[in-house]
Amino acid sequence: MHQRNILQAGNTSNAKKALIMLHGRGGSAQDILSLAEHLNVEDYLLLAPQATNHTWYPHSFMAEVASNQPYLDSALALVAETVKEAEAQGIQAENIYFLGFSQGACLTLEYVARNAQRYGGAVAFTGGLIGDRIYMENYQGNFAGTPIFIGTSDPDFHVPVSRVQESTTLLEEMGAQVTEKIYPGMPHTIVADEIEVANKVVFI
């Protein structure tokens with residue numbers, strides 16, 4: 001189960017916008033926070049929760065959901081706590097942004113789809129909705145035009161392109177404006193073009 005450990009950086013005094021950043025498996029909150037220097041988020045409050053033991057859930061995001069419990073529910077609860085932290089500093093949902101890489105990207109998409117409303121935006125660097133299949137009953141709300149960018153590789157060892165495409169379809173059906181970009185043969189990392197697209201379509 002995840003302990004409440006949320007790092008803050010950026011504009012911690014009078015920010016009007018917040019970016020919640022979710023690291024990947026084996027990564028850290030400090031790692032993902034360092035990405036902010038490449039994004040158009042100079043005036044944002046940055047919030048990065050730390051996964052206990054550096055892993056949000058133990059198995060592949062494509063495994064049966066039950067096999068990743070109770071860690072998945074605990075991770076989603078920690079993201080919700082991070083959202084509350086932003087709201088406690090006076091930042092409204094429409095000015096809250098989300099970003100994640102790999103396992104953190106999957107968690108990002110899973111959280112926003114389960115709690116869809118108008119957010120500032122979301123970025124998933126190589127990720128898709130979680131589960132051995134798409135569980136439509138888990139997702140509710142309407143994104144009301146929230147911009148979402150999903151970048152991924154074809155192929156990617158961890159994230160099948162088919163799941164990315166299924167995720168895009170569902171998010172669009174829920175009212176999101178999704179920009180999906182598939183990079184042939186890209187390593188399992190974040191590349192400069194993804195950052196450029198994220199800055200153009202989400203952090204504008």
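Trainee: How many of the eight residues of β6 are buried?
Mentor: Strands here are DSSP runs of E with at least two residues, while helices are runs of H or I with at least four, all numbered from the N terminus. Buried means under 20% relative accessible area, exposed over 50%, and partly exposed in between (1.4 Å probe, protein chains only). β6 is largely enclosed by the rest of the structure, because the number of its eight residues that are buried is seven.

Trainee: Before we go on, what kind of model is this?
Mentor: Residues are numbered from 1 along each chain as its sequence is written, and side-chain values use heavy atoms, with hydrogens and water left out. Local features need pLDDT of at least 70, side-chain atom pairs count only at pLDDT 80 or more, and totals for chains, interfaces and linings use all residues; this is a predicted model.

Trainee: Back to β6, then: which strand pairs with it over eight bridges?
Mentor: Two strands pair if DSSP finds at least two bridges between them. β5 pairs with β6 in the parallel sense over four bridges, with A122 standing opposite I148. On the eight-bridge pairing, also parallel, S153 stands opposite Y183. That partner is β7.

Trainee: And β4: how many of its six residues are buried?
Mentor: I96, F98 and G100 point one way from β4, and Y97, L99 and F101 the other way. β4 pairs in the parallel sense with β2 over five bridges, where L22 has G100 as its bridge partner. β4 also pairs with β5 in the parallel sense over five bridges, and L99 stands opposite V123 there. Both faces are covered, so to speak, and the count of buried residues is six.

Trainee: Which residues touch the most other members of the largest nonpolar core?
Mentor: A nonpolar core is a set of buried Ala, Val, Leu, Ile, Met, Phe, Trp, Tyr and Cys residues joined through side-chain atoms within 4.5 Å. The largest one holds 49 residues, and those that touch the most other members are F98, F143, I148 and L171.

Trainee: Leaving aside its neighbours within four places in sequence, what is L171 in contact with?
Mentor: Contact means heavy atoms within 4.5 Å. With neighbours within four places in sequence left aside, the contacts of L171 are L109, A113, F143, I148, I150, A176 and V178.

Trainee: Which strands do the buried residues of α5 pack against?
Mentor: Helix α5 covers residues 192-201, and its buried residues are E194, I195, V197, A198 and N199. These buried residues pack against β5, β6 and β7.

Trainee: Is H2 buried or exposed?
Mentor: H2 lies in the segment before β1 (6-10). Its contacts beyond four places in sequence include W56, Y71 and L78. H2 and Q50 are 48 residues apart in sequence and 8.3 Å apart in space, C-alpha to C-alpha. At 12% relative accessibility, H2 counts as buried.
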